[in-house]
Protein chains: 4
Amino acid sequence: MTTHHFTPSHYHNTIGSHRPVLRIAPGDSVVTTTVDARGQDQSGLKVTPGPNPMTGPFFIEGAEPGDTLMVHLDRLTPNRAMGWGYPGLAPNVVEPGDVPALPKKATILWRIDTTAGTISLEEPVGGRLGRLTLPLKPMLGCFGVAPEIGQAISTATSGEYGGNMDYNGFIEGVTVYFPVFVPGALFFLGDGHALQGDGEMSGTGVETSFEVQFTVGLHKGVASGWPRGENATHIFTVGNSRPLDQAVQQASSEMLRWLQQGWNLTPEEANLLMGYTVEYDLGNMFDPAYTMVCKLAKKLLPGG
Amino acid sequence: MTTHHFTPSHYHNTIGSHRPVLRIAPGDSVVTTTVDARGQDQSGLKVTPGPNPMTGPFFIEGAEPGDTLMVHLDRLTPNRAMGWGYPGLAPNVVEPGDVPALPKKATILWRIDTTAGTISLEEPVGGRLGRLTLPLKPMLGCFGVAPEIGQAISTATSGEYGGNMDYNGFIEGVTVYFPVFVPGALFFLGDGHALQGDGEMSGTGVETSFEVQFTVGLHKGVASGWPRGENATHIFTVGNSRPLDQAVQQASSEMLRWLQQGWNLTPEEANLLMGYTVEYDLGNMFDPAYTMVCKLAKKLLPGG
Amino acid sequence: MTTHHFTPSHYHNTIGSHRPVLRIAPGDSVVTTTVDARGQDQSGLKVTPGPNPMTGPFFIEGAEPGDTLMVHLDRLTPNRAMGWGYPGLAPNVVEPGDVPALPKKATILWRIDTTAGTISLEEPVGGRLGRLTLPLKPMLGCFGVAPEIGQAISTATSGEYGGNMDYNGFIEGVTVYFPVFVPGALFFLGDGHALQGDGEMSGTGVETSFEVQFTVGLHKGVASGWPRGENATHIFTVGNSRPLDQAVQQASSEMLRWLQQGWNLTPEEANLLMGYTVEYDLGNMFDPAYTMVCKLAKKLLPGG
Amino acid sequence: MTTHHFTPSHYHNTIGSHRPVLRIAPGDSVVTTTVDARGQDQSGLKVTPGPNPMTGPFFIEGAEPGDTLMVHLDRLTPNRAMGWGYPGLAPNVVEPGDVPALPKKATILWRIDTTAGTISLEEPVGGRLGRLTLPLKPMLGCFGVAPEIGQAISTATSGEYGGNMDYNGFIEGVTVYFPVFVPGALFFLGDGHALQGDGEMSGTGVETSFEVQFTVGLHKGVASGWPRGENATHIFTVGNSRPLDQAVQQASSEMLRWLQQGWNLTPEEANLLMGYTVEYDLGNMFDPAYTMVCKLAKKLLPGG
């Protein structure tokens, strides 16, 4: 139950079977930092190229293909005051031809105030919104484990192994489960957002660098197919694909399997329960793979 | 400001320019009843064929193409104790080939207890779920106005005119806005659900008959493109299409227009606000057209 | 085996259970005319509003729900020299944000030369394309039968009943089969294109008015689910939906059914044959419902 | 202009920046072999694991990011008599719930007769199809170049770099163009099909091992975004994504760029030409990314 303090010296733009930066044991915690989506650190200096440079990978002792890795997000804290993002909706989230007449690559700056728990625009916009002060809600945009058969996949996208899911439910206090594909699992993390709307409709959250603490665990011999998670009130499963319909199908099938595997429901019971009580969140509708989340209230589970 | 009591003598399986059953004025309220999706009334008797028989249409005096009709859902009360639904997930919401081995057309019965505010299975299922008691949350599955150019469209589907949106946010206390396409608007309603999960993933809610009270209003000369709504905390817009991606695009474009039209935001302001604060709900992913809802917290609006 | 000559006096913008303009018997032929998508006749005069005004409906004696209507396209002849269309690709057929910087509603004119069998631009464009002379290939964009449960559906879209499929394989000599939903079938036709690229990617073909001759037949007690057809070399089935994936699924499922129904293949044989020999065409990717066509070479069929 | 004879000693299940097996110069040809999708060689022996083991990569001297690699498929010859495939349609190509009741992983065997130019079933199926003899039409299912930023991507899928496109137009005599992302381009090839239906609807072609000859060329400083190609009659572009709609958008946008880049058409001319003359083929609708091909007849091109 060691707490490791790890300072990254390099980053990865792909999630794959790269050389581990640290070996840790189930039960261990890690305190580390992440740079923002463009590779800027806590000083705002660009220290590595984008997209979404990853801290890690961390090798979890004893993790083998067919296990499930548990990652508890203990703490997610922006470690600088500057955040940035795109100013408007992305062309693919509005009706074709209804594209906002905005500079494509323009960036707006946000001021992050961790004491007040707010973010606000660095420069006020036109009269009606002012500096648009919003509540701080830090989340991890991109994290996951090395995928199967030696793949190394861009941190722009996502899949069964996690990756750039950009779901604003990945906040402090949440536990996430990943299928293990390679020995040691090889866990990566990065792409912190001080805040993100549903769907990451602008194509960014409020992008910033983080100090992060996480704790790992291992479910030996427990297989999973897609990322799973739980928070105080819900269990959830994640599908990453296009179109959104397929992401829903992936998340729903994974929930169906989890209910049978974890709570001994029969297929008929799992179907019935899901059919009337399931909830869905939109993770992102911007990245190469979109993300949908299937949720079930814990109080509805047997023993819940 | 009359309150009309209307008892339907016939129903419609299409939403179109049918002969009005009652003429009402803006500000008027109507107390009426709806039968369930299969045409069964408060006694459980089948009085008309499905799908989704509609009560109405109601002619709203003064409504003209280019106006927006306001409908406030004053009260939605199941008027019988029996509800029914499908027992499992629909084939299209799970991964292809991962189809539940359940009888396709089987029906399960639910007992609706409006005093206790619960629904529960008429017959307990296997050991782990028992009678699965859930909170009552009545909603309208299918309602809307006559579409353009003389169309009459099946109540199985939905579009700009509303229809079978099956969104569990259409509950008591919500105000809904529809574009007006024909003189009098011609408002239809039906398909009450005592409860429905996100996405109507089983292909039904808990289907039952309702007593309904609604109040209408008219925004003369205010055009809208898709259904809009508001509840205590949010304004929202609705897109109805396949795949879900397109329903998101329709709802998002409509929100972009509404923010400029209703709150005088510039295109840049509307884009920026939506890009970081918008929320999405999954209405249904079962009907011929899927439904996605784009929401914005009222407190974020100028003057909110 | 009568040949009727019918001159339309009015047109329909929906396909539905409208009053028949003529009663004909199986085996009969009809010679009639169609106006273009905007309602312009052989003189170029606008005689009725768009979209896609339909000639008909024709009542086929003896046709009952559950039968299949056969329509042979005997002759499709543009009856004027002027055709029109949109100048560029539609916004939804290119990558989002990659929208052509062209006037949205601009129209270009084409000259149709039925003697030479060509169409060419009325005004030459920039140096490299000149008048862009292309081979004449007349096709019907929108035709079909009244849909079920009293619906009347805009001629902008399509479904099981046919409609605005905009498939450039619907040319002279082709036989098309439609499911019958109402007594008399009620056949409509219109929206002639002197030429259309795959997918109707500009949003139009070369739109013009036609003289048409067609012959009807009836397969009593033979049910079909979606439009089917055959030409000299292939049988084919049509799916109309969004996204294209679903249109492929509809067309493929219909072909699977037809092979078992029409050629007594077992499910295993139909699956095997389709799995290695099926071909697909893109009908349209512009209308509210997209169209995909599943084809099988006749020589591969038993007895073929 | 050397012709290299290369015998592979190992294979790759990802397309990435792996160590080159041979360095060749623009203008050189290579004669080599490929194993089938499961790693079986010309003797039918499994020599390497699936999916789709790749021969290569070949380093092309002088190729740099921003160039375009040309690969001419000189000769594609099955080098054994045995082919295999799945017996029926895949669950995702028919309507949900309409899944063929066939063994999921069953394999059927085909006999390849290169002299007669036919393939036929090893064992006859039920009475009506017999041994189902079809014309031999060898094609490459999976080939491409190393993708950007050090990725290594499973040969099950495809992207801008090519990969598992499973398009039955990639036959002998065709020239294919790939964007170059890394020095030397790093060209891989494999997954030969003796025949494949449109869309690879069974999930396989007739899978077999090949002897292949190809010739490479290099277009220095000519950038491309997606695979391009040409055959005797057409130029074409390839999009790889889900849903099919997006693959169409990618292929169409790439064609729009190519027409301007390669034939000096203005955007207006390219739009107009494509809008009325473009054709589409369905590559595959089975792999993680689907493939659509946008084609234009060479005779329509300036100077064509």
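The model is predicted.

Where does A:Asn231 lie? Its place is the loop that runs between strand S19 (228–230) and strand S20 (234–241) of chain A. Leaving aside residues up to four places away in sequence, A:Asn231 touches A:Gly173 and A:Val174. A:Pro87 is 144 residues from A:Asn231 in sequence. In space, the C-alpha atoms of A:Asn231 and A:Pro87 are 31 Å apart.

## Chains A and B: symmetry

## Chains A and B: the contact

Chain A gives 51 residues to the contact, and chain B gives 50 residues. H2(A) has the largest share, with 10 residues.

What is the make-up of the side of chain A that touches chain B, by class? Its residues divide into 29 nonpolar, 14 polar and 8 charged.

## Helix H2 of chain A: cover

H2(A) is mostly covered, with 8 of its 11 residues buried. Among the buried residues are A:Leu272, A:Leu273, A:Met274 and A:Tyr276. A:Glu269 and A:Asn271 are also buried, as are A:Ala270 and A:Gly275.

What covers these buried residues of H2(A)? The cover includes H1 of chain A. It also includes strand S10 (134–135) of chain B.

## H1 against H2 in chain A

H1(A) and H2(A) pack at an angle of about 125°. Their axes are 9 Å apart. Angles over 145 degrees count as roughly antiparallel, and 65 to 115 as roughly perpendicular. H1(A) and H2(A) are therefore oblique to each other. The crossing in which H1(A) passes H2(A) is right-handed.

Which residues make the contact? H1(A) supplies A:Met255, A:Leu256, A:Leu259 and A:Gln260. From H2(A) come A:Pro267, A:Ala270, A:Leu273 and A:Met274. By class, the contact of H1(A) with H2(A) has 7 nonpolar residues, 1 polar residue and no charged ones. Three residues of H2(A) in this contact, A:Ala270, A:Leu273 and A:Met274, are listed as buried.

## H1 against H2 in chain C

In chain C, the axes of helix H1 (residues 244–263) and helix H2 (residues 267–277) come within 9 Å. They cross at roughly 125°. That makes H1(C) oblique to H2(C). The crossing of these two helices is right-handed.

The H1(C) side of the contact consists of C:Met255, C:Leu256, C:Leu259 and C:Gln260. The H2(C) side consists of C:Pro267, C:Ala270, C:Leu273 and C:Met274. The residues of the contact of H1(C) with H2(C) comprise 7 nonpolar, 1 polar and no charged.

## Chains A and D: symmetry

Chain A also superposes on chain D, by a rotation of 180° with 0.0 Å of shift along its axis. The RMSD is 0.0 Å. The two copies are thus related as by a two-fold rotation axis. Which residue of chain A comes closest to this rotation axis? A:Ala152 does, with its C-alpha at 2.4 Å. The same surface serves both copies, since 100% of the contact residues of chain A recur in chain D.

## Chains A and D: the contact

Chain A puts 13 residues into the contact, and chain D puts in 13 residues. Strand S2 (14–16) and strand S12 (152–154) of chain A each supply at least two residues of the side of chain A facing chain D. S12(A) provides the largest share of that side, 3 residues. By class, the side of chain A that touches chain D holds 4 nonpolar, 8 polar and 1 charged residues.

Key:
Residues are numbered from 1 along each chain as its sequence is written. Chains are lettered from A and ligands numbered from 1 in the order in which they are written. This is a predicted model: local features need pLDDT of at least 70, side-chain atom pairs count only at pLDDT 80 or more; totals for chains, interfaces and linings use all residues. Copies are superposed by least squares on the C-alpha atoms of residues with pLDDT of at least 70 in both. Two residues are in contact if their C-beta atoms, placed from the backbone, lie within 7 Å. Helices (H or I, at least four residues) and strands (E, at least two) are DSSP runs, numbered from the N terminus. Ala, Val, Leu, Ile, Met, Phe, Trp, Tyr, Cys and Pro count as nonpolar, Asp, Glu, Lys and Arg as charged, and the others, Gly among them, as polar. Axes are lines fitted to C-alpha atoms, for helices over the stretch in contact, and angles run from 0 to 180 degrees between N-to-C directions. Angles under 35 degrees count as roughly parallel, over 145 as roughly antiparallel, 65 to 115 as roughly perpendicular and the rest as oblique. A crossing is left-handed if the near helix is turned anticlockwise from the far one by less than a right angle, and right-handed if clockwise. A residue is buried if 20 or more other C-beta atoms lie within 10 Å of its own, exposed if 12 or fewer, and partly exposed in between; C-beta atoms are placed from the backbone.
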